[in-house]
Amino acid sequence: MSVLHRKVDDEDVEQELCVRPLYAQTLDSTVVPRYQLGQHPMPPDTALAVIRDELLLDGNARQNLATFCTSWMEPQARELMADCIDRNMIDKDEYPQTTELEHRCVNILAHLWHARPEATGCSTAGSSEAAMLAGLALKWRWRQRMGAHGGAPGVERPNLVTGGNVHVCWPKFCRYWDVKHRVIPMSRNRTTLDPDLVAEACDSNTIGVVAVMGSTEDGRYDPIAEIAARLDMLQAETGLNIPIHVDGASGGFVAPFLQPDTLWDFRLPRVGSINTSGHKYGLVYPNIGWMIWRDSLHLPDDLVFRVNYLGGELETFTLNFSRSGAPIAAQYYNLLRLGHNGYRMIQQNCQDVARYLAREIDAMGAFELLSDGSDLPVVAFTLREDITNFSVYDLTDRLRANGWQIPAYPLHLGREELPICRIVVRHGFTTDLAEMLVEHLRLHTSTLLKHPHPSPPTTTEQSPAFHH
């Protein structure tokens, strides 16, 4: 399904929506235009009813095990977001207290990630925007280094080193800002970054290395401390000083609570910046992300703009401008409401449920686990190599009949693709729901083993399943 929406053909523009007869009594007709404006206003209850009826066709968010995004918040948080929905967080002169809440959130995260006092950061519209900002800062620092050493910026094309396990926002960054993307391939036995391969891929035009704390593909953590140590060796051998950006879109709100002794954050001197998604395991509805730099040296000053047409001079370093302050207020609500122990209990419960699912799926005998919830609360699995009479796409298609939205997609390894399933356990997915899912998995797996599809689909294009 395309993210871009084309204008409908002229013969289709006259299509209409039907209105319930009871509500139609307030209108001139029982139908309203679908793709063009109607001539007259509509009563608010009628408009609400028409749209709600259509939205019933959406999936149940609690059964959506494809998305990492938060699908449940407390009623008090929803009420707070409604209070703040009209506050434009960019207008810091008009809404100084919303700005103060953003300031507090940045400081809380900087402290959580062991940053020094000179750290700086901001909120973003999710981790995708944060990744763009992080990448721009890396590229600008590379240009400064090239200039300082007599280089000619623009003559050599800069490159960014990542694993094949990164989110699509990183290939987007490279394409949008003309940076060569050097991808470290994965293998069936290793779906995280190999430190030696990272070092081999770096040269004088490398703006940085992106390591992930929680891959979108399978939930695994890259070995960031090992990568940093290998880059330290590279610098000692060649003089190349390659910074690391940590994409902690999910793990930034998980590792501090579940794996506090793991070295991945600003405790490693080579880590120059970190991003996270408040709307993932930060437990806030979309869209809110956070970006923290080690210090002002890692964020070149000429990337920061200063404007004064909102009533007072302000600094801005974001790709978009106006944005609601509601997610910022909701993020601070969670940080205030839950505290360290509250986040730890929630993330631990998610991990416990993920590990339960992994054990049950492994016990079914038909699958091979790629991740078991030991890093992020994510379970990824594929069919055993000897099972060829059906595919994971068949399985997820059958699970949709029970309301479960579980993605099946190809994991890109070296020169091959491995079709896998991934289950993301989020706050609100209880043990009871997990037990129901296990029963449905067991039922459909057993049925497919006995009565396989005659020609099982092998790619997402051929599969009838819903794709994410």
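1. A cavity here is a set of points on a 1 Å grid, over the protein atoms alone, where a 1.4 Å probe fits but cannot get out. Volume is the space filled by probe spheres set on the points, which are joined across faces, edges and corners.

2. Before you read on: this is a predicted model, where local features need pLDDT of at least 70, side-chain atom pairs count only at pLDDT 80 or more, and totals for chains, interfaces and linings use all residues. Residues are numbered from 1 along each chain as its sequence is written, and side-chain values use heavy atoms, with hydrogens and water left out.

3. What lines that largest cavity? Asn165, Val166, His167, Val212, Gly214, Ser215, Thr216, Asp247, Ala249 and Lys280 do, lining residues being those with an atom within 4 Å of a point. They split into three nonpolar, five polar and two charged; Ala, Val, Leu, Ile, Met, Phe, Trp, Tyr, Cys and Pro count as nonpolar, Asp, Glu, Lys and Arg as charged, and the others, Gly among them, as polar.

4. The second largest cavity comes out at about 40 Å³. Its lining includes Arg141, Pro243, Trp293 and His298. α5 (127–148) gives the largest share, four residues, and β8 (271–277) supplies at least two. By class the lining has six nonpolar, three polar and one charged. Overall, the count is three cavities of 30 Å³ or more.

5. Now the open space. The second largest pocket contains about 670 Å³; a pocket is an open set with protein on both sides within 12 Å along at least five of seven lines. Of its 33 lining residues, Val106, Thr120, Gly121, Cys122 and Glu315 lie nearest the centre. The lining divides into 15 nonpolar, eleven polar and seven charged residues.

6. α4 (96–112) is worth a look, as it gives the most to that pocket's lining, with seven residues. β3 (120–124), β9 (289–293) and β11 (314–316) each supply at least two. Helices (H or I, at least four residues) and strands (E, at least two) are DSSP runs, numbered from the N terminus.

7. α4 also packs on α10 (residues 326–363): their axes come within 9 Å and cross at roughly 45°. That makes α4 oblique to α10, oblique being what is left after under 35 degrees (roughly parallel), over 145 (roughly antiparallel) and 65 to 115 (roughly perpendicular). The contact (heavy atoms within 4.5 Å) involves residues including Leu101, Cys105 and Ile108 of α4 and Ile328, Tyr332 and Leu335 of α10. By class it has eight nonpolar, three polar and two charged residues.

How values were computed
Axes are lines fitted to C-alpha atoms, for helices over the stretch in contact, and angles run from 0 to 180 degrees between N-to-C directions.
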